[in-house]
Amino acid sequence: MEAFTTLTATAVPLDMVNVDTDQIIPARFLKRVRTDPEYDTFFFHDLRRNKDGSQRDDFILNQEPYKDAQIIVADDNWGCGSSREAAVWTLLANNFRCVIAPSFGDIHYNNGMKNGMLPIRLPKEDCAALRRLLHDNAGAAITVELGAQTVTGPDGSTYGFEIDPFQKHCMMEGLDHIGLTEQYDADFDAFEEQYKKEASWLFRPEPSA
Amino acid sequence: MAGPQTMFDKIWNRHVIVQRDDGQCLLYVDRHLAHDGSFHAFSMLRQDGRSVKRPQQVFATPDHYSPTDVRTIEAIENDELREKVAILDENAKEFGVPHFGIDDERMGIVHVIGPELGITQPGIFLVCGDSHTSTHGAMGAIACGIGASEVAHVLATQCLWQSKPKTMRITVTGTLGFGVTGKDVILAIIGQISAAGGAGYAIEYAGSGIEQLSMEGRLTVSNMSIEAGCRMGLIAPDQKTYDYLEGRPYAPKGAEWDKALAYWKTLPTDEGARFDREVTVDGDAIAPMVTWGNSPENVVQVTDVVPDPSRESNAERRQSMLDALDYMDLKAGMPMTDVAVDRVFIGSCTNSRIEDLRLAADVVKGRRAVVPSMISPGSMQVKAAAEREGLDRIFTDAGFEWRHSACSMCVGLNGDSVDPGIRTASTSNRNFRGRQGPGSRTHLVSPAMAAAAAVTGKFTDVRQLMEEK
């Protein structure tokens, strides 16, 4: 995955709570592969468009000042629902690299971490303050520094955030988890050998007669 | 010496291969379920030239894209659907993974067939690339949904990096009332703790309200943990669990059963074990529930009215309520029992097991569906069992469509979808905008409540219909 260290980019405020992954990418697009040339158009497909397919001007992601946005500041429970990693892929297809929210769906959070799409948890009131600033200064930028674990708003105010040290390390280095895990092959083998003795009933390849 | 432990800690600790200084744990995966949406992960594997490390611990079935009107790959008319079902078949063959294909009598929704075949057992760590994997926690296992990259990781390594979640115990007290099911219990819980209430936690459901549920009812409760924001929802195994499991095809037999059982009995949370958060839910007060909005937390008792957004003090929440009422075409203050439905769906990994179908059939028997109504049993074995009991006749005599098994209208991937503006009483798990098809309006209910809606054409307190008999 692409490493993430620092990012300064336009941020778009999304005031909705409980934005589920069905909204980020409707299920009917899940059958499409990531290399599909239309992949970016699946992003918030049904909220961005009228029934006739035309773009809705009142939906903030369609508005001019946010055309180059790479950061979303959201509200509670961003990315809840389905485990579809496609929700992260379509964010990336639209150049988004970071979502800041008070809380995330746990699976979506992990999916972001596996793809260089940084999810940042900030307190609800800080997210609300950032969204207000972004509404008042449409097109303003936010700076995210993963090393220092800080978010700096358009007014210069800085917020610290927590992140699991392992996930931070993988994100900053752009590490492939499978490769990393293979370094522990000897531990795996030793564990499995012992575990097979203790839980022998779990290692029957065929259904019991 | 270790002090009193939670069930979650006992199972977690048993699966730790490596714990890094930063707290990350590499966990051994006992069972991995794959489905026809897992093609991304198999592609990643192929791209990197990797194989499946422990193919005999992976089980696959095409639940998401299989149509409910045919049972062979060749008979699938839609090219995209046929391709997805066929790709799983090919991937399973290429990587040596056991596969219950569309024409196999054991085919079904992964979260139904796991327990049904005895693949899911107490004390295991089970993963699947589907958020409703939390279902399997009802058998006393750690089970969670993962994304495609993690699926590829587990296929390649049979283990997974995880940071340990916090623990929450939700104790449902008292005695569940007449007509109250597992579905109503979990909807009441979500209504109380919110759709984000479980984020970052592993939940253990406990108390008399959970113990009295059947295995099927418990699976429904754990299934919707993810709708409470939580990836993992466990229930302690007890005699009901063991009775359910004994004799299932992949369950241990003979001396192995005894050995397993001795271990399973050590799993329940020790007296005095500490949870990071404790929640109590009054089981006596739970009634049949209906959702009204576009989040599972937008839920009321069937005897209630549609809530009034003007009484919500938080501005974002008020706006989200207004948006939901607009989308759902409902008015604040309207009694839920005045809301007419256009169609009914009984199925999904939440509510499609044999007990669910029996409950629905009890309500339907001797009545007629007055709106289009459809049933997709959770597995082909559930379907066969229902047919042996004559339930299919009760439904078809009442005008229901009796289909094959798949995820079907819960997610609308297989051609079974809801048209724009159509209001559905659904036994599934998500009432998100467009979930059952673009513009669809979903209300989540129990199978008994869905049956009541089918025969009355509106939301009806099923307890009245049950008393009428």
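## Contacts and fold of chain A

Among contacts in chain A between residues at least 6 apart in sequence, 67% link residues at least 24 apart. The model is predicted. Chain A contains eight helices and seven strands. Its C-alpha trace spans about 65 × 45 × 30 Å along the principal axes.

Of the 209 residues in chain A, 59% are buried. The chain exposes about 8,400 Å², and carbon and sulfur atoms supply 46% of that area. Chain A carries 20 positive and 34 negative charges.

## The interface with chain B

The size of an interface is often given as the accessible area lost when the parts come together. Between chain A and chain B, about 5,800 Å² is buried. Carbon and sulfur atoms give 56% of this. In terms of contacts, 63 residues of chain A touch 75 residues of chain B. On the chain A side, K31(A), F188(A) and W201(A) lose the most area to chain B. Together they account for 14% of what that side buries.

## Salt bridges between the chains

Side chains of opposite charge can pair when their charged atoms come close. Over all chains, the structure holds 41 salt bridges. Nine salt bridges are found across the interface of chain A and chain B. One salt bridge pairs R14(B) with E198(A), at 4.0 Å from N to O.

R50(B) forms a salt bridge with D176(A), with the closest N and O atoms 3.8 Å apart. D176(A) sits in the loop between α6 (165-173) and α7 (177-182) of chain A, and R50(B) in the loop between α2 (39-47) and β4 (58-61) of chain B, so this pair joins two chains. D176(A) is partly exposed, at 41% relative accessible area.

R50(B) also forms a salt bridge with E182(A); here the closest N and O atoms are 2.6 Å apart. This pair too crosses between chains, running from helix α7 of chain A to the loop between α2 and β4 of chain B. E182(A) is partly exposed, with 34% relative accessibility.

K164(B) and D9(B) form a salt bridge, their closest N and O atoms 2.9 Å apart. The two residues are 155 apart in the chain. K164(B) lies in the loop between β7 (159-162) and β8 (166-173), D9(B) in helix α1 (residues 7-14). K164(B) is partly exposed, at 40% relative accessible area.

Shared partners also tie salt bridges into one network. Its members are D15(A), D75(A), D76(A), K124(A) and R131(A) from chain A, with E297(B), E316(B) and R317(B) from chain B.

Notes. Residues numbered from 1 in each chain as written. Chains lettered and ligands numbered in written order. Predicted model: local features only at pLDDT ≥ 70, side-chain atom pairs only at ≥ 80, totals over all residues. Heavy atoms only, no water. Helix = DSSP H or I, 4+ residues; strand = E, 2+ residues; numbered from the N terminus. Buried < 20%, exposed > 50% of the residue type's maximum accessible area, 1.4 Å probe, protein only. Contact = heavy atoms within 4.5 Å. Areas by Shrake-Rupley, 256 points an atom, 1.4 Å probe, with all protein chains shown as cover. Lys, Arg positive; Asp, Glu negative; His and termini not counted. Charge placed at Lys NZ, Arg CZ, Asp CG, Glu CD. Buried area = accessible area lost by both parts, 1.4 Å probe. Salt bridge = Lys/Arg side-chain N within 4 Å of Asp/Glu carboxyl O.
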